[in-house]
Amino acid sequence: MQHLAIIPDGNRRWAAKNKLASFLGHQRGLDVVKTAVTFCIKNSIKYLSFYTFSLENFRRSEVEKNYLFNNLLKDSKKELPELIKQGVKIRFFGERSLFPAQVREIIDHIEAETKHLTVLNLNLLFCYGATLEITQAVKQIAQRVRDGLLSVDQIDEHAVRNALWTSDIPDPDLIVRTGGVMRLSNFLLFQAAYSEFAFLDCLWPEVTEEKLGSCVDQFNKTKRNFGH
């Protein structure tokens, strides 16, 4: 396996279950992200993608959104030295025009500071929605046709793939979703065409290296029939 993708569902439910403020669920969820990073490094998995903040998340309260964005700033500054030490290259994928102003500078800084690292590629899907990604790809292709750079006959899967935000990373081999929910929620729809899936009943803050290991073990036992 070279690419593990995760939809980390259940931070707020975990906080409610434990009678805690919702932000503590997000904080605990961040700790488990670090667990997943360690797991991938130990198991030589080169790509790890997280559904960090979806377009639908913009519907949340201003208080929660501000907490999430401010927490990203604080935690990124705190965790960056250790991630660099571990050799983690960090990239953000999403609609950059929607990135909140207060986090754009730190995102650019994180990507610049880690762009040379090769142990693990950590992809954070932020202000991301797969349908928007595909729509933007279609617009880009249409513009290239209009500009005479591409003919209609040249539009194929390869052309579409090259127009996606994630064009230079491999499709996920395995997508894990926690929280007992069995849907993709607008996550990597094009890239997930031949991915295997693991849906866990536990909430994201309850995930351990052992649970991730069980998902990967099951994946390794699966015979993958591409196209069937």
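Where does Lys19 lie? In this predicted model, Lys19 is found in the loop between H1 and H2. The backbone there deserves a moment's attention: Lys19 is not a glycine, yet its phi is positive, at about 55°. Most residues other than glycine have a negative phi. Lys19 has a relative accessibility of 75%, and because the threshold for exposure is over 50%, it counts as exposed.

Leu188 is not a glycine either, and its phi is positive, about 50°. Leu188 sits in the loop between strand E5 (174-177) and strand E6 (196-199). Is Leu188 buried or exposed? With a relative accessible area of 2%, Leu188 is buried, whereas Lys19 is exposed.

Helix H3 covers residues 62-86, 25 residues in all. From its first C-alpha to its last, H3 reaches 34 Å, close to the 36 Å expected at 1.5 Å a residue. The helix bends by about 45° at Glu79, and a proline, Pro81, follows within four residues. Glu79 is also one of the buried residues of H3. Others in that group include the leucines Leu68, Leu72, Leu73, Leu80 and Leu83, together with Phe69. The buried set also holds Glu64, Lys65, Asn71, Asp75 and Ser76. Several elements take part in covering these buried residues, among them the helices H1 (11-17), H2 (22-42) and H4 (101-114). Strands contribute to the cover as well, including E2 (47-54), E3 (88-93) and E4 (120-128). After H3 comes Gly87, with a positive phi near 85°.

How do H2 and H3 lie relative to each other? Their axes come within 11 Å and cross at roughly 30°. An angle under 35 degrees counts as roughly parallel, so that word describes H2 and H3. Their crossing is right-handed. On the H2 side, the contact is made by Phe23, His26, Gln27, Leu30, Lys34, Val37, Thr38 and Ile41. On the H3 side, the contact is made by Glu64, Tyr67, Leu68, Asn71, Asp75, Glu79, Leu83 and Gln86.

H2 packs with helix H7 (residues 209-221) at an angle of about 50°, their axes 10 Å apart. H2 and H7 are therefore oblique to each other. H2 passes H7 in a right-handed crossing. Thr35, Ala36, Thr38, Phe39 and Lys42 in H2 meet Glu209, Leu212, Gly213 and Val216 in H7.

Asp9 has its place in the loop between strand E1 (3-7) and H1. Neighbours within four places in sequence aside, Asp9 is in contact with Arg177, Thr178, Gly179, Val181, Leu203 and Trp204. The C-alpha atoms of Asp9 and Glu210 are separated by 18 Å, the two residues being 201 residues apart along the chain. Glu111, for its part, is found in helix H4 and counts as buried at 17% relative accessibility. With neighbours within four places again left aside, Glu111 is in contact with Ile90, Arg91, Phe92 and Arg96. Glu111 and Phe92 are 19 residues apart in sequence, and their C-alpha atoms are 7.8 Å apart in space.

Note on methods: Residues numbered from 1 in each chain as written. Predicted model: local features only at pLDDT ≥ 70, side-chain atom pairs only at ≥ 80, totals over all residues. Heavy atoms only, no water. Helix = DSSP H or I, 4+ residues; strand = E, 2+ residues; numbered from the N terminus. Expected span 1.5 Å × (residues − 1). Bend = angle between axes of the 7 residues up to and from the residue. Buried < 20%, exposed > 50% of the residue type's maximum accessible area, 1.4 Å probe, protein only. Contact = heavy atoms within 4.5 Å. Axes fitted to C-alpha atoms, helices over the stretch in contact; angles between N-to-C directions. Parallel < 35°, antiparallel > 145°, perpendicular 65-115°, else oblique. Left-handed = near helix turned anticlockwise from the far one by under 90°.
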